[in-house]
Amino acid sequence: MRAHLRVLLIDFLGSQSDPSDREAILMDGAIANEATALRAFKALAGSEGWFRRLADGRIADAMRTDGPQSNAQMDILTRALAKTSDAVVRLIRDNWLPDVVNDLRSWSVLQWLPRWTDEALSLALTIIGRTDMASSMIDHRAGSIAVEQPEVALRLVCARLERELVEAVAQSEARAAALPAIQGETAEEQVAERLAERGRDPIRNLLERNHDWDSLAGIAETWPRESLDVLSPWFTRALGHLDRINGRQHKIGYPLGLEADFRFDGENDLDLPEGSLLGAIRIAVERLADADPPAFRAWILANQATALTPVQRLIAHGIAHRPAEYATDGLEFVLGDERRYFLGSIHDLHGTIKRMVRAVSPFWTRDQIRRFEERVQSFAPPPPSDETDPKGRMSWRHSMRRTQLDLLRALPARQRSPEAARQVHEDERRYGRDRAGASFSGVRMIGSVIEADGMAKASDADIINAFAELPDATGWDNPGNWMSGGNVQLARAFATFSKDHIDRALGILSRLGPTNGTRAAGYAIDALSEAAPPETVFELVRDVTGRGFDAEEFRHSVARALDRMARRSVEVPEDLIDLLESWVANPLVTEGDDKDAEEAEDEHEVTGEDAGSDEAGPVEQSSLWGHGGFGAFPGGDVPVADAVTHIRLMRGQTDQALAFLSRYLDRQKGIRAWEMLASYLPHLAQADPAHRVAFLDRLLTEVGGVVGSKRFAEFLAWSQRADHDLVERHIDDWRKSPSTSARQAYGEIVALDALLRPDHVASAERLERIMGEPSERSARAGATLSAAHVLAEEVDAARRRGLAPRPFAGRGRAWRLVGRPGAFQAQR
């Protein structure tokens with residue numbers, strides 16, 4: 001039977017809802033045949049009759065294999081869940097569960113169960129507990145499962161969390177064993193080290209930075225009691241491990257005062273996002289407190305003995321969420337353990353308990369207010385026994401007194417007794433009204449000690465003194481104030497100031513010297529070149545250079561300014577161009593020059609990834625088409641050389657520009673510099689031909705890295721039309737290069753010339769060799785890239801004119817070479 005008929009027959013058999021014995025024999029034969037087995041399994045998926053017939057036979061046998069046939073059963077089992085879910089669960093238990101390699105197959109079926117049984121849940125919990133499954137795979141289904149069976153959804157989530165907790169505990173224990181003791185000499189340094197370590201703790205990150213459980217918030221809001229029944233014990237265990245492994249000495253309050261930082265309303269000063277786990281637990285507590293007070297009180301009773309700050313904060317938050325209902329509960333809670341006076345966050349060490357007292361105290365009776373005040377006013381625990389320093393003991397007593405102040409101040413003023421009101425008044429005068437905790441002042445830019453607006457209001461003497469205190473050598477830093485900028489920021493502000501106050505700026509610069517005014521002068525010259533009178537800028541350059549102002553950054557600023565003036569169609573004086581040329585001839589030696597030179601030398605050397613034979617395959621990025629990309633402009637004398645060349649060309653002085661570049665080549669052989677200057681090479685066409693050819697031959701020969709450079713590939717492609725002989729003298733260097741990108745560029749350059757200029761016989765002959773020799777694979781890739789781009793441009797141009805593109809038959813031999821069948825496809 002022909003193959004397509006066999007397929008049709010299998011599909012027909014598989015569509016039968018109640019197959020006969022004869023049909024079963026035919027289907028069994030199709031499954032037994034390796035060539036048609038997968039087609040047969042696909043065809044019968046969804047048929048209840050076939051599933052009943054084959055479940056314990058062919059389907060179970062295929063499940064025990066490890067390959068495509070086993071994978072094919074996932075669709076069959078999933079589609080059988082609707083009516084025979086018990087049989088599906090049994091098949092998974094017997095055939096897939098014994099081998100962990102099948103766990104993802106099992107989960108891909110079980111997740112679609114219409115109704116979860118205890119046995120199915122047991123299988124899923126086993127699979128999730130032993131397999132590294134993405135949390136999103138479980139979260140995706142948990143939200144749907146929770147609609148009918150919230151307990152099942154939460155137990156599935158918790159199984160994944162248990163596995164993550166086991167891994168986090170192991171990692172945290174390993175880190176704790178490897179970490180040295182806190183080494184900071186001062187208390188501030190020790191705090192900084194502890195905070196840094198907190199941010200890297202695996203358990204803490206699991207609790208606070210886990211954002212994988214998008215469904216949990218919705219589940220917690222709808223089923224708060226069920227959510228707390230499952231998540232609360234896990235949360236407490238995780239905190240217990242965190243305290244055991246990373247527990248630090250705390251002199252008062254509960255452990256883990258800074259961990260699990262919930263985003264409670266009124267306490268999240270920074271508007272930071274909340275992790276999905278913490279958010280779900282918070283929402284569950286809020287909803288349970290609202291909807292089911294008896295259940296919430298039972299939860300409080302079960303957890304109030306847990307001596308961990310995050311758990312105690314949750315209880316206080318839930319009480320504050322419905323204060324009228326839980327006013328008495330709140331009083332008994334806060335007075336039940338003095339450690340609860342310190343329930344808060346890093347932003348306010350008493351923030352959570354103060355918020356609870358503030359919420360519930362309006363509903364207290366006078367006797368309850370009196371009980372609270374008496375207990376708080378009597379709170380005066382002695383300093384720790386190891387605190388022997390008198391100042392430390394005094395600081396402890398002040399801290400406890402401030403705790404009293406914070407708690408008493410949480411009472412409504414009208415409810416305070418005269419004694420409590422007097423203590424609040426006296427202690428506020430002593431300690432102020434600030435909260436006890438860390439403050440965040442926001443992002444702060446480190447700017448100039450005097451900004452441009454301030455300079456406009458300041459005297460010239462004030463500005464000069466600022467530069468005297470912050471000479472150029474300070475750079476970005478202010479030795480006297482690390483939150484203020486140094487000379488760089490001051491010079492930038494001065495440049496902005498100079499635009500609107502030219503005369504004042506010139507006067508100030510006349511009173512600055514090379515050590516404190518060079519950067520400011522350079523920045524000001526650069527800024528003034530945008531719109532100031534040209535002669536003002538030119539005279540300023542002459543003045544400061546005549547007084548010895550000089551630095552690499554200063555030279556760059558002046559070069560950029562004079563180049564900008566030329567672009568404004570201002571004629572730059574010859575003496576200033578000579579100044580730039582003298583800078584190029586006499587570069588400043590700065591730290592790092594040797595390293596930069598080595599990097600420039602090495603930049604275009606062939607690496608292991610771009611060398612060798614063509615067997616590794618062609619490079620697909622075109623050298624002649626596409627965007628040029630981004631690159632850092634080289635430093636040193638390159639910006640000055642760029643400005644000289646451009647100014648000369650803008651003045652029409654092509655011979656002078658060529659002479660300058662020729663002299664520059666005598667000392668500059670770095671490819672990075674010449675790639676930046678390569679864009680000027682076509683503009684030398686009007687220069688003396690002999691000198692131009694001699695210079696270009698030297699450039700293409702003496703500068704290492706030219707071969708393979710995208711900029712120089714573009715220049716050679718352009719030169720095919722303007723100076724074909726130049727290309728012929730150097731193009732073979734590209735063909736012989738060990739670099740695949742260079743060889744590809746060779747093919748692009750040759751093909752482009754042969755396709756557009758058929759009279760260039762040499763290019764046509766090169767193209768014929770490229771397309772005919774197997775060893776020219778990279779060059780052939782380049783040739784086909786050129787052909788594809790040229791053809792695309794021709795087609796686009798023809799369409800714009802409403803014409804049909806030329807057929808290959810009407811083109812020359814070069815087109816027939818690159819257009820032969822398979823030429824383009826072979827390079828893909």
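Start the tour where helix α20 and helix α21 pass each other in a left-handed crossing, a term used when the near helix is turned anticlockwise from the far one by less than a right angle, right-handed being clockwise. This is a predicted model, in which local features need pLDDT of at least 70 and side-chain atom pairs count only at pLDDT 80 or more, while totals for chains, interfaces and linings use all residues. Residues are numbered from 1 along each chain as its sequence is written, and side-chain values use heavy atoms, with hydrogens and water left out.

Select residues 390-409 for α20 and residues 418-431 for α21, whose axes come within 10 Å and cross at roughly 125°; helices are DSSP runs (H or I, at least four residues) numbered from the N terminus, and axes are lines fitted to C-alpha atoms over the stretch in contact, with angles from 0 to 180 degrees between N-to-C directions. The two helices are therefore oblique to each other, since angles under 35 degrees count as roughly parallel, over 145 as roughly antiparallel, 65 to 115 as roughly perpendicular and the rest as oblique.

Next, select residues 689-702, helix α34, and residues 724-735, helix α36, which pack at an angle of about 20° with axes 11 Å apart. α34 and α36 are therefore roughly parallel to each other, and their crossing is right-handed. Their contact includes Val-693 and Leu-696 of α34 together with Leu-726 and Arg-729 of α36.

To see the lining of the largest cavity, select Glu-552, Arg-555, Trp-583, Pro-587, Leu-588, Gly-636, Asp-637 and Val-640. On a 1 Å grid over the protein atoms alone, a cavity is a set of points where a 1.4 Å probe fits but cannot get out, and lining residues have an atom within 4 Å of a point.

Terms used
On a 1 Å grid over the protein atoms alone, a cavity is a set of points where a 1.4 Å probe fits but cannot get out, and a pocket is an open set with protein on both sides within 12 Å along at least five of seven lines; lining residues have an atom within 4 Å of a point. Contact means heavy atoms within 4.5 Å.
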